[in-house]
Amino acid sequence: MGRRRTRTTPVSWAAFATQDVDEARAGRPSADLRAYAAERDLHFGGDRRQLRVLGGVPRWNEYIHNCCAGRLGDRRQGVVQHELLEIGFATSEHSGHRLAMGGDFAKVRLRGDLRLTDLLPLAHHFSGVRDAPGPFPADTATVPVTAVVLHVPQAALLSRFTVRSADRLRNADGPPLDPHGLAGYRLRGRDAFEPAAWERLLPRAAGALGALAGPYVSFEAGTALVALRVGGFVADPGRLDALVAHALALADAVADVAAPPPHPDTRFHLPLPPAPAEEPMQDADRWGATLDDAAAQWGLRREDPDALHRAYPALPVPGRSRGVLAGQLPGGARGRLTFHQHRRGDLSLLAAALFERRPGAPELPPGGVNDDGSGMRVAAVGDLVACWSQEMDDGQLAVTATAERGRRAAASLGQLAG
C-alpha cells in the first residue's frame, strides 16, 4: 500500500495584502481571539468546526483558527473565525501553475519543487508515498480570511449562491450588479431566486457589502446558512463587530426573501404531505432506500422534508432535512424524526427528534440549550420542540437512540406535551 502523507502546514500559500504575508506563510493567525469571545459571551472553540454551521466552513479543522461560537446579535447563532481559504491551481503550457482565482495578490508562493508524485495519482502508486485525503493538498494554496457564518433556517431550501468581488469570482452567471449598488461585484447561482426576489435582495445586500473595502469580499448563502468573508485575519475587535453587523444584515435580508409563504396550518399533530416518489437526491446518495427501510421497520410514514421546512421556516435544527419519519416513535411518544444534511449529497446525517410542545412550556433562549442528561441540543419554535444530536451519524439512521434521547431531553426541560 505504501506510506500515506498528511500535511499540517501549507505547501503553497498566498496573501491578499502585504500585512498578511507572514500569517499566510505560517498558515495560522498571530493573534488570539479568546478575549474577544469572553467579552461577548461566545464559546472559544479554537480550531474545531462547529456543528451548527458545518456546511458553510472548511472541511478540515487545520483550516480553522480562533473559532468564536454562539449567539450573534439578538437571535442568530453562528461563528466568527479565522480560516484558510483553499484555492486550486490553474495550469497552462505557457504560464505553468497559477492560482485559479483572479485579482491581485500581495504575494504568492507556489511550491516550485512540486513533484510528479504530488500531481499524478499513478505516480503516487509507483513512489509508494501518497497524500491521505485531508488538508493542504499539493495542488492547492491557502489564503488567510476572516469569516462570519450564521445559521439562517429560512434559507434551508435555498440553493447556494455567491456574490463576490468581480475579479475573484469564476463562472459568474448573473447579470451585472451595478444597477443594484454593487459595482465591482458579480453573482454566481442566479437560479437561487426568481428575478423579482433578486430585485428585493440585492439592494439590501449592497447596504452591507458597500461598507466593506478590501481586496477580497465574499457573500454566500444557501442550505440554511449565510457567510460573509473578507481577506486577512482580522483581529481588531471593532472591525470584527462591524463584520458581524454586516453579516447579520445580510442574514436578515436572505431570511426575508427566502422564507416560504405562510403555511395554511402548522399545528404539529397534523400530517405533512408524503415524501415525493421522485426524490431530487435519490441518485446522489443512498438515503432514500435507507429511509424507506426504517419507515417499514418501525411502522412510521415518510413525509416530505421540504414540507417540514415550509411548515416551520424557523426550524432550529442545523442543515436541511433529507428525510422525515413520522408517527409513534420508539419510546412511546408521537412525533417526527428528521435527518439533516449540511451539504446536499452528504453521507453523514444529523438526527433530530421533533415533538409537540406543551402549551405554557418554559421559554428557551434563541438557539436552544444543551441537555446534559441526554447530550441533546433542545430548542423550540411555535408548538414544536426540537432535540438534536451533537454529532453526525455516519452510514446509519439512529432511529431508536434519537427518539428516546429526544423524548427524555424535551421532558426534562418541561417542553413535552402530554
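Visitor: How do S16 and S17 pair, and over how many bridges?
Guide: Strand S16 (residues 334-341) pairs with S17 in the antiparallel sense, over five bridges. Strands here are DSSP runs of E, at least two residues long, and helices are runs of H or I of at least four, both numbered from the N terminus. Two strands pair if DSSP finds at least two bridges between them.

Visitor: Before we go on, what kind of model is this?
Guide: This is a predicted model, where local features need pLDDT of at least 70, side-chain atom pairs count only at pLDDT 80 or more, and totals for chains, interfaces and linings use all residues. Residues are numbered from 1 along each chain as its sequence is written, and side-chain values use heavy atoms, with hydrogens and water left out.

Visitor: OK, back to S17. Which residue is the bridge partner of His-340 there?
Guide: Leu-350 in S17.

Visitor: And the hairpin of S16 and S17, how many residues sit between the strands?
Guide: Six. Gly-345 in that hairpin takes a positive phi near 90 degrees.

Visitor: Which strand pairs with S17 over two bridges?
Guide: Strand S21 (residues 393-394), in the antiparallel sense. Ser-348 stands opposite Asp-394 there. S17 also pairs with strand S20 (residues 384-388), antiparallel over five bridges. In S20, Ala-386 is the bridge partner of Leu-354.

Visitor: Is S17 enclosed or open, and why?
Guide: S17 covers residues 348-356, and eight of its nine residues are buried, so the strand is largely enclosed by the rest of the structure. Buried means under 20% relative accessible area, exposed means over 50%, and partly exposed is in between, with a 1.4 Å probe and protein chains only.

Visitor: Different spot. What do the side chains do along S11?
Guide: They alternate along strand S11 (residues 185-188). Tyr-185 and Leu-187 point to one face and are buried.

Visitor: What joins S10 to S11?
Guide: Four bridges join strand S10 (residues 161-165) to S11, and the two run antiparallel. Val-163 has Leu-187 as its bridge partner in S11. Arg-164 has Arg-186.

Visitor: How many bridges join S10 to S12?
Guide: Four, again with an antiparallel run. Val-163 has a bridge partner in S12 too, namely Phe-219. S10 is mostly covered, with five of its five residues buried.

Visitor: Now the arginines. Where is Arg-48?
Guide: In the loop between S3 and strand S4 (64-72). At 55% relative accessibility, Arg-48 counts as exposed.

Visitor: What is Arg-48 in contact with?
Guide: Asn-61, Ile-64 and Cys-67, leaving aside neighbours within four places in sequence. Contact means heavy atoms within 4.5 Å.

Visitor: Arg-302, buried or exposed?
Guide: Arg-302 is buried, with a relative accessible area of 13%. Arg-302 lies in strand S14 (residues 301-303). The C-alpha atoms of Arg-302 and Trp-13 are separated by 48 Å.

Visitor: Zoom out. How many helices and strands in the chain?
Guide: Nine helices and 21 strands. Of the 418 residues, 55% count as buried.

Visitor: What span does the C-alpha trace have?
Guide: About 70 × 55 × 45 Å along its principal axes.

Visitor: Last one. What share of the contacts comes from residues 24 or more positions apart?
Guide: 67% of the contacts in the chain with a separation of 6 or more.
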